[in-house]
Amino acid sequence: MKFEGSYQFPKSSSEVYSYISDLRRVSECIPDLKSLEIKSEDEALATVRAGIGFIRGDFNLRFNVTQRSPHTNLGYAVHGSGLGSGVDISITVQLEDLSTGGSTLSWVADTKVVGRVASMAQGMISSQAEKIIKQFFECLSQRLR
Amino acid sequence: MTEVPVIHGMGSAVKRKEDVRFIQGRDTYVDDISLPGMVYLDFVRSPYAHARIRSISTERAKGAPGVVAVITGKDLQPLGLDWIPTLSGDKMMVLPTEKVVFQMQEVVGVVAESRYAAADAVKLVEVDYEPLPVVTDPKKALEEGSPIVREDKRTNHVFHWEAGDREATDRLFEQADVVVGQDMYYQRIHVSYMEPCGCVAYYDSVKGTPTIWMTTQAPHVVRTVASLITKIPENKIRIISPDIGGGFGGKVYVYPGSIVAAVASIVTGRPVKWVNDRSDDHPSTAFARDFHMRAELAAKRDGTLLAFRVKAVSDHGAFFGDANPSKFPFGLFSICTGSYDLKAAFVEVDGAYTNKPQGGIAYRCSFRVTEAVYAIERLVDIMAHRLGIDPAELRLKNFIPPEKFPYRSVMGWVYDSGNYAGALRKAMEKIGYEELRREQEEKRKRGELMGIGISSFTEIVGAGPSHTFDILGIKMFGSAEIRIHPTGKVIARFGTRSQGQGHETTYAQIIAEELGIPIEDITVEEGDTDTAPYGLGTYASRSTPTAGAAAAVASRKIREKAKKIAAHLLEAREEDVVWERGRFYVKGAPAKYKTIQEVAFAAYTNHPPGMEAGLEAVHYYDPPNMTFPFGSYICVVDIDRGTGEAKVRRFVAVDDCGNIINPLIVDGQIHGGLTMGFGTAFMEEIGYDQDGNIYGANFMDYTIPTAVETPKWETDKTVTPSPHHPLGAKGVGESATVGSPAAFVNAVVDALWPLGVTHIDMPLYPWKIRRLLEEKGYALDK
Amino acid sequence: MTALIYPADAKVRLELTVNGERRVGEAEPRMLLVHFIREVLGLTGTHVGCDTSNCGACTVVLNGRAVKSCTVFAVQANGGSLLTVEGLARKGRLHPIQEGFWEKHGLQCGYCTPGMMMAAYDLLQKSPNPTEEEIRRGISGNLCRCTGYVKIVEAIEYAAQKLRSDPSWRSGGD
Ligand code: FES
Ligand code: FES
């Protein structure tokens, strides 16, 4: 499943970059966060409360920054497990300055869900995954306004 | 003369003896067993269909409240129990040490004081997986470069099997006027017994005896295999199969749960219970069918059928575990010439490993007969439509005629007896075939879609003769041990295991018939390896043909001895003693008699000098041949052009299973089988996406028929006894599951044929039909 | 109904009438009624066939209505009146529903049977003279993999007839 979107900010791409390359700040936007542990500047561990259909419970996420190209590109990898399921999301973010000032952030998230969640709540997964990922970027964009 | 008591022998529709406990909740299924100090086993299961295990961390789980043991594949390795042999000579993983090969595979066993505590602790086990590429399509699995499921095999190719005469078949195809061919997929389905699999294992460390109560259809086989693997002497292992809530083939297998429970009992010194949740059972126990075939049929223009060939790929999941007789890696698929007198046939099948649980269950089916019947019955129907000959007429023209029995098929099977036209004609008459065709004609003119489908199947059951049939080398005989006690009461034990088929009643009826003892006085026991005679269990409709025959022969042995005792009591010569149900009398003087009960008493109190005391017999019955039940089913459907729903208006089933022991039970077996066939045809499928996620993991997503959708079945019979079975019986447990799917599909395709539809793969979901109607410009909007 | 709030790990003492008898037992708040019936009360005639509330093998009659006991917490039954398959027969006499299932061969493996009979019990109380259609709808929450339902329908018809002609079964019971 691939999802994508883009946002425009009044801030410049380098300002945006410095914000979203900081795992601690980015992590604050993970929806339904229960706990967070920053392991290094490239790795964070998080526990979230997740639910889909009637399957509900804790989900453990490992958040890694996989690519840093200052001012232009960022890559994250999210690996999650819990609820008898596994999730892998690879996210790439591209930043571009606008001629009118401000910048654009475009993101693409490639998501793979396996396990109980995928098999039991198949019909709901893509909308749910999209919702969560969008929430995450919505939150980021709020903070960058 | 005194009244002859009612004994409820052969043919009596007596109500079942076993029901007394079931209707009062006094049954004992595995989950009803509770032993002092018992703990519960639950599993961590893999979310991935294919992944390497980087690490397993069990520390948090071990420290959780109530947890008494955590067992991983590494713990099983030193015991040689991380892999165990399957029934097909392959092996299967119990718990993985290197990688997982299907989604929901058992990875770690957690044992705790309660089932809730075990389920809690399961969540605390951390497994780090490295996902690997997945293959779920067996055809892709056989391609070069596909991910390899089994590293120990280095290929996904399980076997290549062929039967018949390729050249003769190809030649007939070249000469034929008409050839029809069809690609068909017989989807993967789950047997869906209502009672999920489970066991209670208890290892008595003082006596060194493991006892396992388990949901198994074949307890003796389990015991032998367990003994061979563990080196625990066979006499010390006790496998008990208590009441079983449906098996249908799915409980022939031994699943990791039982092995881990047994090990956990040794480790903890306590009884261990494992019972699958439904959502764990569906995705991790064995499946049936999953068979991709290309079938072709050749005929002359006048409708004479000539030859049949099939090329197929079968999906076996990650382990080749089919419970097949060892000489038949693809079961009895070569019965695929069915009820027709063909000149040649050829089939070839390649088996593939995929990232799914093991497949190949003979789901209420005698080893792939279901797929065979589906193939030939679909193709005969397609041929009839292509030639413009009525499907009934084409069948009647090509049936093996009654005078040709015993009939040797081109595949080498010797059919014992049959009257195929008799069954089809009876079904046609009962349903009003001619009238229905006229109605169809008129409806077509009005644009209404109505279809009539026939299936005239031939089964092959009762495995089987020892010269050809064995499982892991053990011959497929049937066994019975009958003891008559001094007061004329009987305890009879069998090596089979009823899962609802009513053995406690039918076996008693056979003994009643042979010995004239009322069924109330006969107790039938099965399923305990400590007491029952060795036997291969119940599946593939083999109980009546094998153990039922053993009961008859053992009874006859007893009668022989009883006759000698009667002669002694009557002071007559043995030749002058005549048997009449329940008593012996002196020829010419029927008033001078001894009842079987009097004889039984004498066997312990006043037996002839020189004779052994007692009245009992054991018999291991080796059937001289298989039996070949058959039947004709006719289905009428109406298709809603709006929703695409195909509604079964009527379904007539005429079955011939030879002589009938209990008509009530036979009827019940047929109703049940038809409902399963109906589910297969219209709603059941286990699917996988390309990542190996299973669809159909529980009763929310895997729909089986409820009372609302299920048609009201109309059944009838013809009786063509088996000439070689001691009772003339053939076995019936599976005829309807085997025979009916083709009738449903034939009916739906018959309705849609004028639109140019030649085939639809099952399940015939309304959306599939609706989509076809749209394509053909025939859909109505509501 | 008042809200039930219990600490998660506390054991709750329950008192209820089961098949006409007063019974007490302890349960964790999260314990399902079916597990309470089977494991605490020791009445194993009620079965478990699924974990998604689809199969009906666990059907019992609670306060006069059929419920799937896997879908109810034990604590919700506190103070209530419960009828299970073990309580159907009276004074050694089979209930007409049990008789019907036996006479008409309404069961094979027997696993769905107790739930099926309790669903029938509820149905026949509401509708003493049901049509075939009503019977089929009445048991549509109960799955049977063995019988194909035809004989279950006949069994319930038999019971309906019997119950109408024998009013002694009508009153009380649970
Ligand atoms: S156990 Fe299946 S509905 Fe309750
Ligand atoms: S009798 Fe077996 S499930 Fe109903």
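**Notes on the chain contacts in this predicted model**

1. The contact (heavy atoms within 4.5 Å) involves 18 residues from domain 1 of chain C and 14 residues from domain 2 of chain C.

2. Some housekeeping before going on. This is a predicted model, where local features need pLDDT of at least 70 and side-chain atom pairs count only at pLDDT 80 or more, while totals for chains, interfaces and linings use all residues. Residues are numbered from 1 along each chain as its sequence is written, chains are lettered from A in the order in which they are written, and side-chain values use heavy atoms, leaving out hydrogens and water.

3. Back to the two domains of chain C. Between them, domain 1 and domain 2 of chain C bury about 1200 Å², with 60% of it on carbon and sulfur atoms; buried area here is the accessible area (1.4 Å probe) that two parts lose on being put together, summed over both. On the domain 1 side, His47(C), Thr59(C) and Val85(C) supply 35% of the area buried against domain 2 of chain C, more than any other three residues.

4. What holds for polar links between these domains? The count of salt bridges (a side-chain nitrogen of Lys or Arg within 4 Å of a carboxyl oxygen of Asp or Glu) between domain 1 of chain C and domain 2 of chain C is zero. The rule does find seven residue pairs in polar contact across that interface, both at pLDDT 80 or more. A polar contact is a pair of N or O atoms within 3.5 Å; within protein, one must be able to donate a hydrogen and the other to accept it, and residues adjacent in sequence count only if both atoms are side-chain atoms.

5. Now chain C against chain B. The contact takes 46 residues from chain C and 56 residues from chain B, and the area buried between chain C and chain B is about 4500 Å², of which carbon and sulfur atoms give 57%. In chain C, Trp102(C), Tyr111(C) and Arg145(C) lose the most area to chain B, together 20% of what that side buries.

6. Across the interface of chain C and chain B there are eight salt bridges. One to look at is Glu132(C) with Lys712(B), whose closest N and O atoms are 3.2 Å apart. Residue pairs in polar contact across the interface of chain C and chain B number 26, both at pLDDT 80 or more.

7. Chain A also meets chain B, with 15 residues from chain A and 15 residues from chain B in contact. Chain A and chain B bury about 1200 Å² between them, 53% of it on carbon and sulfur atoms. Two salt bridges turn up across the interface of chain A and chain B; Lys112(A) forms a salt bridge with Asp691(B), the closest N and O atoms being 3.4 Å apart.

8. Last, a spot within chain B. At 0% relative accessibility, Ala554(B) counts as buried (under 20% relative accessible area, 1.4 Å probe, protein chains only). The C-alpha atoms of Ala554(B) and Val618(B) are separated by 5.7 Å, though the residues are 64 apart along the chain. Leaving aside neighbours within four places in sequence, Ala554(B) is in contact with Ala480(B), Ile482(B), Ala617(B) and His619(B).

Note on methods
Buried < 20%, exposed > 50% of the residue type's maximum accessible area, 1.4 Å probe, protein only.
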